[in-house]
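Here's a quick walk through one model, from its pocket to its salt bridges. Have a look at the structure first, then read on.

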Amino acid sequence: MNFEPMASGKEDQKGIKGSLFARESSGLVREINWLTAMFISMGFIAFYVLPISYLSGLSISPNGLVVIGALLSWIVLLPHGYLWTKISEKFQRTAADYVFASRVLHPAIGVGTGLVFGISQMIFDAAIVYDGVGQLQTGFSALGTDFGGSYTSLATTLGNPFTILAIGAITFTGVIAINIFLPKYTNQIMGGITIVALVTFVLTGILMHYVTPASITASGYDYSSIVKASSSATPLFSNPILATIGLMVFTASFLPFVNGATSVAGEVRGGSKAFRIGVLAALVVAGLLITFFISSSVSTLTSEFFIGAGVLGPNYSNLLNPIFDVVVSFRNLPLDLFLVIGSYFWYLAIMFAVALFVSRYFMAVAFDKALPTIVSYVSERYHSPVVAHLIDEAITIGSLTVITVTPLSSAFFYGMDTADAMALLFGFIVVILASIVASIRRNGLELKGNRAVILGISIADLIVMSVYGFYWFGNSTIYLGINMNPVTWLIVSSPFIACVSNNIAKLDKIIFKGQDGSIT
């Protein structure tokens with residue numbers, strides 16, 4: 001059994017007959033260029049939807065420095081992005097960070113980390129599918145405010161749970177079908193979707209600068225009353241510095257997820273340059289766009305407007321969505337339709353990135369016998385991981401059903417928040433600890449580069465992740481929507497503990513050997 005060895009040129013061309021068409025196949029090895037790797041990273045970071053979360057959080061930390069918080073939210077993660085860049089360069093394998101943790105710490109710990117990443121992101125993807133339809137509903141509500149008639153009716157229809165389920169299921173099934181049956185064209189399709197998402201994101205950010213208080217009032221909302229309501233906000237933190245960090249924590253469900261390109265590291269061509277662009281540059285570009293967007297949003301409407309909308313509650317929640325603000329302010333039907341439909345591409349870009357991510361982590365874990373081997377199967381005909389994608393499809397659509405048409409919706413979102421917590425504690429922090437351990441041991445598994453620099457960067461990243469964790473769990477009802485108690489802690493930790501304990505007896509005799517990843 002080995003950890004995804006690099007395919008030779010001969011294997012690239014011919015594949016391996018009569019065996020599982022997986023790691024050695026031309027269908028999965030080194031077919032992704034640096035630009036696609038960057039698009040995958042940007043989609044997995046999910047920065048397109050981050051401004052909505054960030055602006056909604058202003059009512060929690062009304063005394064925070066809004067633009068400074070947006071700027072620092074990605075700057076403090078530069079060590080994090082750099083570390084994952086080095087992991088991708090060192091271990092050019094499917095789910096490289098999972099492989100790294102498995103080698104440095106223990107195979108069973110790696111399995112726990114890999115499965116926690118996969119499980120948490122399926123839950124996240126179900127929420128993205130759900131919120132994507134909600135984005136359309138918000139957009140058409142704005143069109144109904146401007147133009148009435150069929151747009152208002154369509155917005156009402158999009159609010160129906162069964163409509164949400166149908167549209168979401170069809171959309172996500174399409175994403176999975178493209179990944180399974182058209183892998184040769186997936187990169188181009190995802191690239192086209194990403195371009196539309198980026199264009200509408202940037203255009204919306206520009207137009208937010210020109211949304212005026214008068215245009216908000218003209219749409220039926222009293223701007224002055226909303227701003228006045230901001231004085232009723234109760235700061236979670238009295239100190240402005242702590243409040244600014246509190247705003248940054250609203251990005252912690254998005255920006256730390258720089259391992260999109262790392263998940264497909266074995267398929268990326270271009271070497272170190274490709275990973276620097278795919279991981280680190282993606283974080284920088286996304287961070288700059290977020291900072292620009294937030295700065296533009298509060299330039300004329302002011303932060304008090306978003307604070308007040310948050311204080312006033314559900315009837316004003318649409319105002320926290322920049323698409324709504326822009327559409328009701330610029331009554332140009334072609335432009336408005338483009339922005340409304342284009343903003344749905346924000347969610348599509350995320351779906352494509354997460355679908356790739358989940359399938360690769362399941363494959364990597366299955367390679368090492370911690371999941372049934374069939375999960376690692378890659379179709380000889382389609383050159384895609386069919387079983388892994390179908391597992392993702394079934395669980396994501398099942399989760400979407402729970403959200404939309406069952407009484408368990410609130411319990412699911414509880415689970416979604418705990419999934420974020422799991423990814424932070426048992427995904428990122430475990431991999432960071434692996435980097436620290438590897439740097440100290442110096443047994444050939446340490447990341448390439450100056451050892452002291454890598455160790456310092458790893459410690460800095462651990463501090464940032466720990467601060468985020470401290471805020472999350474210390475104020476869990478605000479950031480996670482849950483109350484941390486012994487039962488909650490058991491729920492958060494149980495998937496990792498179960499994965500590790502179930503596999504430790506099976507894998508504790510595995511001994512890693514050599515840089516090619518072969519093991520006994």
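## The largest pocket

The largest pocket comes to about 1,200 Å³ in volume. Of its 38 lining residues, the ones closest to the centre are Ile52, Ser53, Ser56, Asp131 and Phe254. Helices H3 (50-56), H7 (107-147), H20 (409-441) and H22 (476-479) are the elements that each give two or more residues to that lining. H7 gives the most, with 9 residues. By type, the lining splits into 21 nonpolar, 14 polar and 3 charged residues.

A few terms, then. A pocket is an open set of points on a 1 Å grid over the protein atoms alone, where a 1.4 Å probe fits and protein lies on both sides within 12 Å along at least five of seven lines; lining residues have an atom within 4 Å of a point. Volume is the space filled by probe spheres set on the points, which are joined across faces, edges and corners. Ala, Val, Leu, Ile, Met, Phe, Trp, Tyr, Cys and Pro are the nonpolar ones, Asp, Glu, Lys and Arg the charged ones, and the others, Gly among them, are polar. Helices are DSSP runs (H or I, at least four residues), numbered from the N terminus.

## What you're looking at

This is a predicted model, where local features need pLDDT of at least 70 and side-chain atom pairs count only at pLDDT 80 or more, while totals for chains, interfaces and linings use all residues. Residues are numbered from 1 along each chain as its sequence is written, and side-chain values use heavy atoms, with hydrogens and water left out.

## Buried helices

Helix H6 (residues 96-104) is largely enclosed by the rest of the structure, because 9 of its 9 residues are buried (under 20% relative accessible area; exposed is over 50%, partly exposed in between, with a 1.4 Å probe and protein chains only). Tyr98, Phe100 and Arg103 are among them.

Thr85 sits in helix H5 (residues 78-90) and is buried too, at a relative accessible area of 2%.

## Two positive phi angles

The loop between helix H18 (333-367) and helix H19 (386-405) holds Lys369, and His383 is in the loop between H18 and H19 as well. Lys369 has a positive phi of about 70 degrees despite not being a glycine, and His383, also a residue other than glycine, has phi near 60 degrees. Lys369 is partly exposed, with 41% relative accessible area; His383 counts as partly exposed at 25%.

## Salt bridges

How many salt bridges are there? The count is 3, taking a salt bridge as a side-chain nitrogen of Lys or Arg within 4 Å of a carboxyl oxygen of Asp or Glu. Glu89 pairs with Lys86 at 3.3 Å, N to O. Those two are 3 residues apart in helix H5, so about one helical turn separates them. Glu89 is buried at 9%, and Lys86 is buried at 12%.

Asp146 and Arg331 meet at 3.2 Å, N to O. That pair links distant parts of the chain, 185 residues apart: Asp146 is in helix H7, and Arg331 is in the loop between helix H17 (322-329) and H18. Asp146 is buried at 13%, whereas Arg331 is partly exposed at 49%. Finally, Glu267 and Arg360 form a salt bridge at 2.9 Å, N to O. Glu267 counts as buried at 1% relative accessibility, and Arg360 is buried at 4%.
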